[in-house]
Amino acid sequence: MHTVRGNLIVYTERLVLSALRIGVSQRCPHDRGMATVTFAPAIQRHVFVDAQSVNGPTVRDALAQCVAHTPELRGYLFNDQGRLRAHVAVFVDGWLIRDRRALSDPLNDASRVYVAQALSGG
């Protein structure tokens with residue numbers, strides 16, 4: 001569990017494991033050597049975006065490439081100050097990222113990034 005501004009945000013082990021399965025199943029053989037970014041179905045209800053292969057050393061670089069490919073993602077993922085919205089959760093290789101502010105968590109060529117909508121309540 002992770003608490004943000006008094007709201008309870010729940011990330012279940014099942015969600016993370018499902019994210020990893022989705023990332024693996026949508027990875028193409030010709031995408032070797034690049035990280036893969038997959039967006040949860042809850043996000044795709046608002047903005048349709050396929051899994052994307054990206055090249056970059058950090059989560060920020062990966063998401064920037066996704067936004068460049070699908071500009072509608074910007075308003076859904078980031079606020080007016082360019083910071084990740086509170087309801088968006090980003091996992092790298094099954095782990096919730098540590099740096100939500102600068103998105104500096106490192107990626108490697110085989111990383112699987114999963115972007116999900118957090119479940120919250122008060």
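In what order do the five strands of the open sheet stand? In this predicted model, the order is S4-S3-S7-S5-S6, and the pairing is mixed. Strand S4 (52-54) and S6 form the edges; each has a single partner strand, so one side of each is left without a neighbour in the sheet. As background, strands of a sheet pair through backbone hydrogen bonds, and they can do this in a parallel or an antiparallel way.

**The chain as a whole**

Let's step back for a moment. The chain contains four helices and eight strands. Read from the N terminus, the elements follow the pattern β-β-α-β-α-β-α-α-β-β-β-β. There are 122 residues in the chain, and 39% of them count as buried. If you take the contacts between residues at least 6 apart in sequence, 54% of these join residues at least 24 apart. The chain exposes about 7,200 Å², with carbon and sulfur atoms supplying 53% of that area.

**One edge of the sheet**

Now look at S4 again. Strand S3 (residues 35-39) runs antiparallel to S4, and three bridges join the two.

Is Gln 52 buried or exposed? Gln 52 counts as buried because its relative accessibility is 8%, and the cut-off for buried is under 20%. Among the residues that Gln 52 touches are Ala 35, Val 37, Phe 39, Gln 65 and Cys 66.

In soluble globular proteins, nonpolar side chains tend to be buried together. Here, the largest nonpolar core has 25 residues, and those touching the most other members are Val 37, Phe 39, Leu 73, Val 90 and Val 115. At least two residues each come from S3, H3, helix H4 (73-77), S5 and S7. Which element gives the largest share of this core? That is H3, with five residues.

Leaving out residues up to four places away in sequence, its contacts include Val 49, Gln 52, Cys 66, Leu 73, Leu 77 and Val 115. There is also a second, separate core of five residues, including Ala 40, Phe 91, Tyr 114 and Ala 116.

**Two residues in loops**

Leu 107 sits in the loop between strand S6 (95-96) and strand S7 (112-117), while Asp 93 is in the loop between strand S5 (88-92) and S6. Leu 107 counts as buried because its relative accessibility is 12%. Asp 93, in contrast, is partly exposed, with a relative accessible area of 33%.

| Pair | Apart in sequence | C-alpha to C-alpha |
|---|---|---|
| Leu 107 and Met 34 | 73 residues | 9.5 Å |
| Asp 93 and Ala 110 | 17 residues | 8.9 Å |

Setting aside neighbours within four places in sequence, Leu 107 is in contact with several residues, among them Ala 35, Pro 57, Val 59, Ala 62, Val 92 and Val 113. For Asp 93, look for Ser 111: a polar contact of 3.4 Å joins their side chains.

Key. Residues are numbered from 1 along each chain as its sequence is written. This is a predicted model: local features need pLDDT of at least 70, side-chain atom pairs count only at pLDDT 80 or more; totals for chains, interfaces and linings use all residues. Side-chain values use heavy atoms; hydrogens and water are left out. Buried means under 20% relative accessible area, exposed over 50%, partly exposed in between (1.4 Å probe, protein chains only). Contact means heavy atoms within 4.5 Å. Accessible areas come from the Shrake-Rupley method with a 1.4 Å probe; for residues, only the protein chains shown count as cover. A polar contact is a pair of N or O atoms within 3.5 Å; within protein, one must be able to donate a hydrogen and the other to accept it, and residues adjacent in sequence count only if both atoms are side-chain atoms. Two strands pair if DSSP finds at least two bridges between them. A nonpolar core is a set of buried Ala, Val, Leu, Ile, Met, Phe, Trp, Tyr and Cys residues joined through side-chain atoms within 4.5 Å.
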